[in-house]
Amino acid sequence: MTKINKTAARKLWNEGKEFTIVACNLRPEYGIIVRPSWAKNYRDFDQFVNQFTVYNCGNNEAGRYPAYYVED
């Protein structure tokens with residue numbers, strides 16, 4: 001897996017392509033694969049990322065912000 005930045009993840013979201021999101025201190029294998037069909041459940045990419053951050057990035061062990069990955 002290759003690490004990407006938030007801008008690249010937003011572009012994949014808008015194009016309807018899959019990527020992985022995970023708390024920054026965890027390995028990508030423990031992340032969530034974001035599927036294109038999820039876009040209909042959220043107003044936009046930022047709402048999805050904000051909700052992920054609140055529920056998954058709340059401590060120093062897991063990490064305080066999300067990291068994004070894409071399959072090679």
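Mentor: We shall discuss the core, the helices, the aromatic rings and a few single residues.

Mentor: This is a predicted model, so local features need pLDDT of at least 70 and side-chain atom pairs count only at pLDDT 80 or more, while totals for chains, interfaces and linings use all residues. Residues are numbered from 1 along each chain as its sequence is written, and side-chain values use heavy atoms, with hydrogens and water left out.

Trainee: Which residues have the most contacts inside the largest nonpolar core?

Mentor: They are Phe-19, Phe-45 and Tyr-68, in a core of 15 residues. A nonpolar core here is a set of buried Ala, Val, Leu, Ile, Met, Phe, Trp, Tyr and Cys residues joined through side-chain atoms within 4.5 Å. Buried means under 20% relative accessible area, exposed over 50%, and partly exposed in between, with a 1.4 Å probe and protein chains only.

Trainee: Which elements give two or more residues to this core?

Mentor: Helix 1 (6-15), strand 2 (19-23) and helix 2 (45-56) do. Helix 2 gives the most, with four residues. Helices (H or I, at least four residues) and strands (E, at least two) are DSSP runs, numbered from the N terminus.

Trainee: Which residues of helix 2 are buried?

Mentor: Phe-45, Gln-47, Phe-48, Val-49 and Phe-52 are buried in helix 2. The buried residues of this helix pack against helix 1, strand 2, strand 3 (32-34) and strand 4 (66-70).

Trainee: And how does the span of helix 2 come out against expectation?

Mentor: The end C-alpha atoms of helix 2 are 16 Å apart, which agrees with the 16 Å that its 12 residues should span at 1.5 Å a residue. The expected span is 1.5 Å times one less than the number of residues.

Trainee: Turning to the rings, how many aromatic pairs does the structure hold?

Mentor: The structure holds eight aromatic pairs. One of them is formed by Phe-19 and Phe-45, and it is tilted, at 6.3 Å centre to centre and 55 degrees between the planes. Rings of Phe, Tyr and Trp (its six-membered ring) pair if their centres lie within 6.5 Å; planes under 30 degrees apart count as stacked, over 60 as edge-to-face and the rest as tilted.

Trainee: Where in the chain do those two partners lie?

Mentor: Phe-19 is in strand 2 and Phe-45 in helix 2, 26 residues apart, so the pair links distant parts of the chain. Both Phe-19 and Phe-45 are buried.

Trainee: Why is the pair of Phe-45 and Tyr-68 given its class?

Mentor: The ring centres of Phe-45 and Tyr-68 are 6.3 Å apart and the planes are at 40 degrees, so this pair is tilted. Phe-45 lies in helix 2 and Tyr-68 in strand 4, so the pair ties together parts that are 23 residues apart in sequence. Both Phe-45 and Tyr-68 are buried.

Trainee: Which residues form the aromatic cluster?

Mentor: Trp-13, Phe-19, Trp-38, Tyr-42, Phe-45, Phe-48 and Tyr-68 form one cluster.

Trainee: What does Tyr-68 touch?

Mentor: Not counting residues up to four places away in sequence, Tyr-68 touches a list of residues including Ile-4, Ala-9, Phe-19, Phe-45 and Val-49. Contact means heavy atoms within 4.5 Å.

Trainee: Now helix 1: which of its residues are buried?

Mentor: Ala-9, Leu-12 and Trp-13 are the buried residues of helix 1. They cover an arc of only 105 degrees around the axis, which puts them on the same side of the helix. The arc is that of the directions from the helix axis to the C-beta atoms. On the other side of helix 1, Thr-7, Lys-11 and Asn-14 are exposed.

Trainee: What covers that buried side?

Mentor: The cover of the buried residues of helix 1 includes strand 1 (2-4), strand 2, strand 3, helix 2 and strand 4.

Trainee: And what follows helix 1?

Mentor: Gly-16 follows helix 1, and its phi is positive, near 75 degrees.

Trainee: Is Cys-24 buried or exposed?

Mentor: Cys-24 counts as buried, at 17% relative accessibility. Cys-24 lies in the loop between strand 2 and strand 3, and its contacts beyond four places in sequence are Ala-62, Gly-63, Arg-64, Tyr-65 and Ala-67.
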